[in-house]
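Here's a quick briefing to read alongside the model. Take a look at the picture first, then work through the points below.

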Amino acid sequence: MTSKQNSTHPDPTGQLTTLRERIDNIDAALIYMLAERFRCTNDVGKLKAAFQLPACDPTREKEQLTRLHALAKDSGLDVTFTEKFFAFLVGHVIANHEAIAAEHSPESDS
Ligand SMILES: O=C(O)C(=O)C[C@]1(C(=O)O)C=C[C@@H](O)C=C1
C-alpha cells in the first residue's frame with residue numbers, strides 16, 4: 001500500500017489501468033474492423049459506379065437496421081446508440097460511394 005492508500009481510501013489506479021488496457025484492445029479491434037468494413041464498402045462503391053447503381057439503398061438499410069436492433073438488444077448495446085452509429089457510418093459510406101461515382105463519371109476529367 002502507498003502512503004495515500006489504506007482500507008478507508010483504497011487506490012483505484014491498478015484497476016483503472018487494467019480497465020484502460022481492455023478499452024485500448026477493444027478500440028484497436030474496432031479500428032481494424034472498421035478499416036476492413038470500409039475496404040469492403042469501397043468495393044461495393046466501385047461496383048455500383050461501374051453499373052450506375054444508386055449510392056444509397058434504403059431497402060438494404062432497413063434490413064440492416066432490423067438485424068442490428070436484434071443484435072443490440074441481444075448484446076446489451078443501447079439501441080439508440082446503435083441507430084446513430086449506423087446512420088453515421090452509412091452516411092460516410094454513401095459520401096465515399098458518391099466520390100467514387102464522380103471519379104467514374106463520363107464527365108470526369110480523368
Ligand atoms: O450494401 C450496399 O448497397 C452498400 O452500399 C453498403 C451500405 C453499408 O454501408 O452497409 C451503404 C449504403 C447503402 O445505402 C446500404 C448499405
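**The big picture**

Going along the sequence, the protein follows the pattern α-α-α. That's three helices and zero strands, where helices (H or I, at least four residues) and strands (E, at least two) are DSSP runs numbered from the N terminus. Keep in mind that this is a predicted model: local features need pLDDT of at least 70, side-chain atom pairs count only at pLDDT 80 or more, and totals for chains, interfaces and linings use all residues. Residues are numbered from 1 along each chain as its sequence is written.

**Overall shape**

- The C-alpha atoms of the protein fill a box of roughly 75 × 35 × 15 Å, taken along the principal axes.

**Helix by helix**

- Helix α1 covers residues 13-50, and its 38 residues should span 56 Å at 1.5 Å a residue; the end C-alpha atoms are 55 Å apart, which agrees. (The expected span is 1.5 Å times one less than the number of residues.)
- α1 is hardly covered, with two buried residues among its 38.
- After α1 comes Q52, which has a positive phi, near 50 degrees.
- Helix α2 (residues 58-75) has 18 residues and reaches 25 Å from its first C-alpha to its last, close to the 26 Å expected.
- The number of buried residues in α2 is zero, so this helix lies largely in the open.
- G76 follows α2, and its phi is positive too, near 90 degrees.

**Around the ligand**

- Which residues surround the ligand? They are T41, V44, C56, D57, R60, E61, Q64, V90, V93, I94 and H97, counting a residue as near if its C-beta atom, placed from the backbone, lies within 6 Å.
- α1, α2 and α3 (79-104) each supply at least two residues of this shell, and the largest share, four residues, comes from α3.
- By class, the shell has five nonpolar, three polar and three charged residues. (Ala, Val, Leu, Ile, Met, Phe, Trp, Tyr, Cys and Pro count as nonpolar, Asp, Glu, Lys and Arg as charged, and the others, Gly among them, as polar.)

**From the record**

- An unreviewed UniProt entry lists residues 10-101 as "domain: Chorismate mutase"; such annotations may be inferred rather than shown by experiment.
- In the model, the end C-alpha atoms of residues 10-101 lie 59 Å apart, and the span is 86% helix and 0% strand.

Conventions
Buried ≥ 20, exposed ≤ 12 C-beta atoms within 10 Å, placed from the backbone.
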